[in-house]
Amino acid sequence: MRIGFTLNGGEVAVDALPMARLLDVLREDLRVTGTKEGCGEGECGACTVLIDGRAVNACLVPVVQVQGAAVTTVEGLAAPEGRLHPVQAAFLTHGGAQCGICTPGFLVAAAELLAHTPRPTRPQVREALAGNLCRCTGYQKIVDAVVEALATEAGA
Ligand code: FES
Ligand code: FES
């Protein structure tokens, strides 16, 4: 089946089985590999992408569901000229990434939060990121980064 959608602002079309996982189509058919696979079962958030602005686990989404939709992966967070998304810059400042396997998912989930809640409280950040797991950082630096992402942008 031919599936057409917008990926990080550009139109794409792929031939895929309708029930193929969006995660596999992104990584294997489209070679957009920033989105990671952790559990493959909807538990870890490593595969988080935005579909029409809403954070979802790409390992659970059949690609047919994004027909005509707008998909954003971690590759699409930075501005076209390369300026980092505020939360990307804040992760750098705060050391929010260690091994990095969880990082794309956290960045995408945080970007969704900041899109509708530009100045989130720590509880709001923790709630928004509750579906994303990290075995390295202890979460403190990640939460710090997201809380202060807007301040980072203002100081850039
Ligand atoms: S790989 Fe999708 S939630 Fe873990
Ligand atoms: S930085 Fe290693 S799992 Fe999060």
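**Exercise 1.** How many helices and how many strands are there in the protein chain?

*Solution.* Begin with the source: this is a predicted model, in which local features need pLDDT of at least 70 and side-chain atom pairs count only at pLDDT 80 or more, while totals for chains, interfaces and linings use all residues. Residues are numbered from 1 along each chain as its sequence is written, and chains are lettered from A and ligands numbered from 1 in the order in which they are written. Next, take helices (H or I, at least four residues) and strands (E, at least two) as DSSP runs numbered from the N terminus. The protein chain then has six helices and five strands, and from the N terminus they follow the order β-β-α-β-β-β-α-α-α-α-α.

**Exercise 2.** State what fraction of the protein chain is buried.

*Solution.* Count a residue as buried if 20 or more other C-beta atoms, placed from the backbone, lie within 10 Å of its own.

**Exercise 3.** Describe how domain 1 and domain 2 meet.

*Solution.* First, locate the domains, whose bounds come from an automatic or database domain assignment: domain 1 covers 2-75 and domain 2 covers 86-155. Their centres, taken over C-alpha atoms, are separated by 21 Å. Then apply the contact criterion (C-beta atoms, placed from the backbone, within 7 Å), which shows 15 residues of domain 1 in contact with twelve residues of domain 2. Finally, on the side of domain 1 that touches domain 2, the elements giving two or more residues are strand S3 (48-51) and strand S4 (54-57), and S3 gives the most, with three residues.

Conventions
Buried ≥ 20, exposed ≤ 12 C-beta atoms within 10 Å, placed from the backbone. Contact = placed C-beta atoms within 7 Å.
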